[in-house]
Amino acid sequence: MIEYLAYLSIMTGIYGILSLSLNLQYGFTGLANFGHVAFFCLGAYTSTLIVVLAKGPFILGLLGGIIAAGLFGWLISIPTANLKEDYWAIVTLAAAEIVRLFFLNEDWIFGKGPYHGGAFGIGGIPRPLQSWFSATTYSFFYLCIVIFFLALTYFVIRLLTNSPFGRVLKAMREGDDLPLAMGKDVRKFRMRAMALGGGMGGLAGSLVAHFWSFIDPYQFMPIETFVVWAMVVVGGKGNNMGALVGAVIIQFFYISTRFLKDFIPIDAQVLASLRMVLIGVLIVLVMLFMKEGLLKEKKRVYQG
Amino acid sequence: MLKVVDVHKSFGGIMALDGVSLDVERGSITGLIGPNGSGKTTLFNIISGYHPKDAGEIYLKGQRIDDLPPDAVARKGVGRTFQISQAPAKMTVLENMLLAPKDQMGEGLWNALFAKKRVLHQERHNVEKAVEFLNSVELIDLRNEYAGNLSGGQKKLLSLGRILMAEPEIILLDEPTAGVNPTLIKSLMRLIDDLRKGGKTFFFVEHNMKVISDICDKVYVLDFGKKIAEGTPREIQENEEVLEAYLSGSSKKWAQKAGIGS
Amino acid sequence: MPVSQVIINSIIRASELSLIALGLTLVYDLLKFANFAHTEYAVVGVYLAFIFNVTLGLNIFTAVLLSAIFTGLIALCIDRMVFRRMRDTGRVILMVTSFGLGIALRNIVRAIWGPTPRGYTIALQKPISFLGIRITPVQIWIIVTAVVFMVAFHLLLHRTKLGKAMRASSDNPALAQASGIATEGVILWVWFIATSFAAVGGILIALETYLLPHMGFAIIIPVFCATILGGIGNPYGAMLGALALGFAENFGLYLDFGNIINLWGFFDLAGEMHIPTGYRDAISFGILIVILLTKPAGILGRRG
């Protein structure tokens, strides 16, 4: 039971990082990134590549995941930096699918072998310092790792959003005309927001790959993006604590519906689908009645 | 200060600007008037880089600034306000003011993360400047209020203060008095005059002829994308061609109200 | 495969996409947002037809008609419940809302019918051969249906009062409302037409392949691509875009790029090079990126 709680907390922490990074892009910069899962996917696969194939250490894998995902975020924003939000949404959605398709089709990357790579996924991803801990206590160790990175991400984002950099992002939310008139290179800022958010998404991906010890392209379906959107939207867009709160709420919601199975005689497949229906409905309801989310954006007050 | 040479611009089949040339002298307050659709805002948009032009040249202090993107033009020293005041509603008045200054270290990622002390120092300096202005226009009590909650007139003041924070070489004002009550107009004009005495250059589009005649050193008149007159406000008001331009229908009423040809 | 077959396949694919793209563009034109639930309405239509055709045993033509009507009605209900309250909301929020809606719709279908592929009850398809191509009767019907519906739409737009109202509302909503054209009424009709067309389009795809809850998402990128390619908001653009995309996808997979490279003078440098079928979506995506970079307004641009 305790171990299950540790597992839950780890997943919540990882989703917390995803939620914070999407919040940076949507809540603070107004970028409707519908392809966020691409960062998650790239981080996981890159980290795996580095650790499994090149036999590099965990830290290097993490770094690789962050850089790969950040680079992707940066690249995808180059041709799209001047587009309107709706075009943005479809382009990011498509880009994420292409990334997933790539890993689905290119199974040769991870070496030869039957049931290896592509649709079969990669298994046996080594966990950092696995040998130091017993099977039961390892989860707690990993939880500490996740909490560390979650806190790091939170503080970095908070620092940035309270800085002049964050100020420009917030101005961009409501249209390009004003920040341009203020002499701000809006394109550059958008690309940075995408790279930053991307890198953090990649961090989450690396963390998840080494925890599960197995990844396949079906873990990175577009639905993941929507789940993270639900977290940002419910918790409060433009509010970092809100992003975390949203992650906790949606996770809780997921878990509690899983236990429903024991009380209501529903087939697991159907339950999984119904859970998704509720997530979708939740997003719609929040958009209708609680556009700001639970925790409203904090007003920036200056001394003096 | 600002030199516009033979600028042409057409949208589809419509000739918005047909060879317009004008000069704005340093330290002057220059006005641009004309009936609706004469191309005033188009010219502004072209000067500030929001629209590309078809032909012509634009010089700022002798340097060419045409064909630059809007942010580059702004960085070169051209400040502007918009006809409909742009102020991000979810940012406070003070935040809006702090958006403007150029060369803010904290806007760079590295500095924002690792040079916190120096960034804070610069921020404090900027906050002081902003507070100074807000005090002078009596907006200081609203400094932590969301810009979206301000009245139209207050937004205009904010826009002006904000662009001043950027210390521009020349300030383009797009209908600064539109929708503003008469007492506020008076203080706005006084403010602009004081700033001019301090060496600032203004170029603005206006429909309010009283404002134009009270404060402008020189006025240009556009009609159907062509410059049809230039001179002091007095000269403009007595100009036959200007009167003709306004004699069509609703423009005539406009002209009468403004006292042209009386 | 002879080129003539590729051409036929392109036309079939274009037919399948055209009605759905048309619906998407209509909604975008009138309501000014990209409806990410649009392809899920197609799925709803597909499974409604399943109810009529398989569960209730009606013949396929009746099923298609009934399904189109009911899908339209469902869209009207949803507009009343959700989008009507959001007429003045920003496009990003509308997009996110339509996301959530899409998830809900897709998973309701999935919960009821499960993830296994289904089929309609239609006569066994014997391919007809002529001029070197093979085509089944169903495929001929697909092309015919698409053409009929597109012609019907054209007549609607230009020969009926509703069509006139639609054009007026799209060109200048404020003016339209002021002149007494009931814009709310037009909105309802547009939802009905757009989603019923989507339903028919989806059924056409299902007739050729099979029914899967996932099929809406499988076509979202090509449909958006076709819409943007032709000029978003322009119904004729959507039809043209679908045609262009149908050809692009099929020829993209068919062409031996190795040959083309060799022809350009790099003799025998390249062996046989094909775009792998797994990357079919990448073709739409690639086109999408190119269009957005060069001419975001699309081939035909906005109508009027």
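Predicted model: local features only at pLDDT ≥ 70, side-chain atom pairs only at ≥ 80, totals over all residues.

Tutor: Residues are numbered from 1 along each chain as its sequence is written, and chains are lettered from A and ligands numbered from 1 in the order in which they are written.

Student: How many helices and strands are in chain C?

Tutor: Helices (H or I, at least four residues) and strands (E, at least two) are DSSP runs, numbered from the N terminus. Chain C has twelve helices and two strands. Its order from the N terminus is α-α-α-α-β-β-α-α-α-α-α-α-α-α.

Student: How do H1(C) and H2(C) cross, left-handed or right-handed?

Tutor: A crossing is left-handed if the near helix is turned anticlockwise from the far one by less than a right angle, and right-handed if clockwise. H1(C) passes H2(C) in a right-handed crossing. C:Ile20, C:Gly23, C:Leu24 and C:Val27 of H1(C) meet C:His38, C:Thr39 and C:Ala42 of H2(C) in the contact.

Student: How many residues of chain B are in contact with chain A?

Tutor: Two residues are in contact if their C-beta atoms, placed from the backbone, lie within 7 Å. In chain B, 29 residues are in contact with 29 residues of chain A. Helices H2 (70-76), H3 (93-99), H4 (109-114) and H5 (116-136) of chain B each supply at least two residues of the side that touches chain A.
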